[in-house]
Amino acid sequence: MPALDLDVVWNSGASGVPEPPVQVHRARADTVVLRQGIATHFEAPFLYLLLGSRRALLLDTGAVADPAAFPVRETVDGLLAEWLTEHPHPGYGLVVAHTHAHGDHVAGDAQFHDRPSTVVVGHDVAAVHAFFGIEPSADGRNGSGRLDLGGRDLAVLPIPGHHPTSIAVHDPATRTVLTGDTLYPGRLYVDDFPAFSRSLARLQRLVRDAGVEHLLGAHVEMSDVAGVDHPRGSTRHDGEAPLPMTPAQLDAVVAAAASTGGVPGRHVFDDVAIWID
Ligand SMILES: [Zn+2]
């Protein structure tokens, strides 16, 4: 399989070109990045569809429930149908899971509840950990779980701090970690600073030990100017930072987070702003 193509200019309302409610980018035949149109919701979250031989994972379902406004189910069904013409598999399954349970990541779930061969993972910590088989380790913090898509084994790590249900999904096949709202080029809202710091350190260890190259989060809010974001609620983004973050950027965010001392307020850095409750 070729490397991931993550060189994308997303339509974020600034180009004058009509923006689809769901943008689709095939980073690789088995790896699709979707983005909810900013016109349908200012959060404009990214969703990920990872395809294995037996089943696929849809990570997050977007910020809008109404299929007429945000046809995420129809889009995913089309992508799965295309995949299955090339890779037929009877009873091919779909797992719908979430980077965390905030509304802008789970609102589209309702569109999948009646879908055949589909599991929609619940929204509380117990449901998430039970589904992925996340068991606490001896120190009570560092357990991990997994999800086998068929020829594609994902590791699932709890990374609380933004939200108690936050997980990271590590895909060794693409040297990628999906980080949700814990790490992305934008406003990192921290609910529990000690947990957030431990989670960033855990991501750093994973990246180092597993040779991860790409860290893909769930939003872009930074502009293409260092330290300048598009304010919350913006309905267009004129110039955006790239979605993928590098291991070096993670290291910088770890240092940045440490430098805040956990002091409540807004701390602005080149690649992220850290907002501590
Ligand atoms: Zn979010």
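Which arrangement do the four donor atoms around the zinc ion make, and what angles do they subtend? I opened the notebook with this question.

**Entry 1. Ground rules**

I noted that this is a predicted model, in which local features need pLDDT of at least 70, side-chain atom pairs count only at pLDDT 80 or more, and totals for chains, interfaces and linings use all residues. Residues are numbered from 1 along each chain as its sequence is written, and side-chain values use heavy atoms, with hydrogens and water left out.

**Entry 2. The zinc ion**

I looked up the protein donors and found D104 (OD), H105 (NE2), D181 (OD) and H219 (NE2), lying 2.0 to 2.3 Å from the zinc ion. Donors are N, O and S atoms within 2.8 Å of the metal (3.2 Å for Na, K and Ca); water is not among the atoms, so sites may look incomplete. The angles subtended by the four donor atoms run from 86 to 166°, which makes the arrangement irregular. Four donors count as tetrahedral if all angles lie between 85 and 135 degrees; four count as square planar and six as octahedral if opposite donors are over 155 degrees apart and all others between 65 and 115; anything else is irregular. For reference, ideal angles at a metal are 109.5 degrees for four tetrahedral donors.

Along the sequence, the donor residues follow the spacing D-H-x75-D-x37-H. H105 in helix α2 (residues 103-106) and D181 in the loop between β10 (176-180) and β11 are 76 residues apart, and the pair links distant parts of the chain. Helices (H or I, at least four residues) and strands (E, at least two) are DSSP runs, numbered from the N terminus.

Are H105 and D181 buried or exposed? H105 is buried, at a relative accessible area of 0%, and D181 is buried at 6%. Buried means under 20% relative accessible area, exposed over 50%, and partly exposed in between (1.4 Å probe, protein chains only).

**Entry 3. Aromatic pairs**

I counted three aromatic pairs. Rings of Phe, Tyr and Trp (its six-membered ring) pair if their centres lie within 6.5 Å; planes under 30 degrees apart count as stacked, over 60 as edge-to-face and the rest as tilted.

One of them joins W10 and F46 edge-to-face, at 5.1 Å centre to centre and 80° between the planes. W10 lies in the segment before β1 (22-28) and F46 in strand β3 (residues 46-51), so the pair ties together parts that are 36 residues apart in sequence. W10 is buried at 11% relative accessible area, and F46 is buried at 0%.

Another, Y189 with W275, is tilted, with 5.5 Å centre to centre and 55° between the planes. Y189 belongs to strand β11 (residues 187-190) and W275 to strand β14 (residues 273-276), so this pair ties together parts that are 86 residues apart in sequence. Y189 is partly exposed at 27%, and W275 is partly exposed at 30%.

**Entry 4. Pocket and cavities**

On a 1 Å grid over the protein atoms alone, a cavity is a set of points where a 1.4 Å probe fits but cannot get out, and a pocket is an open set with protein on both sides within 12 Å along at least five of seven lines; lining residues have an atom within 4 Å of a point. Grid points are joined across faces, edges and corners, and a volume is the space filled by probe spheres set on the points.

The largest pocket holds about 320 Å³ of space. It has 19 lining residues, of which V8, V9, W10, E240 and A241 are the closest to its centre. Its lining divides into 10 nonpolar, seven polar and two charged residues. Ala, Val, Leu, Ile, Met, Phe, Trp, Tyr, Cys and Pro count as nonpolar, Asp, Glu, Lys and Arg as charged, and the others, Gly among them, as polar.

How many cavities of 30 Å³ or more are there? The count is three. The largest cavity has a volume of about 80 Å³, and its lining includes the zinc donor H219, along with F42, E43 and R187. By class, this lining has three nonpolar, five polar and four charged residues.

The second largest cavity has about 40 Å³ of space. Among its lining residues are L4, Y48, D171 and L216, and β3 and β10 each supply at least two.
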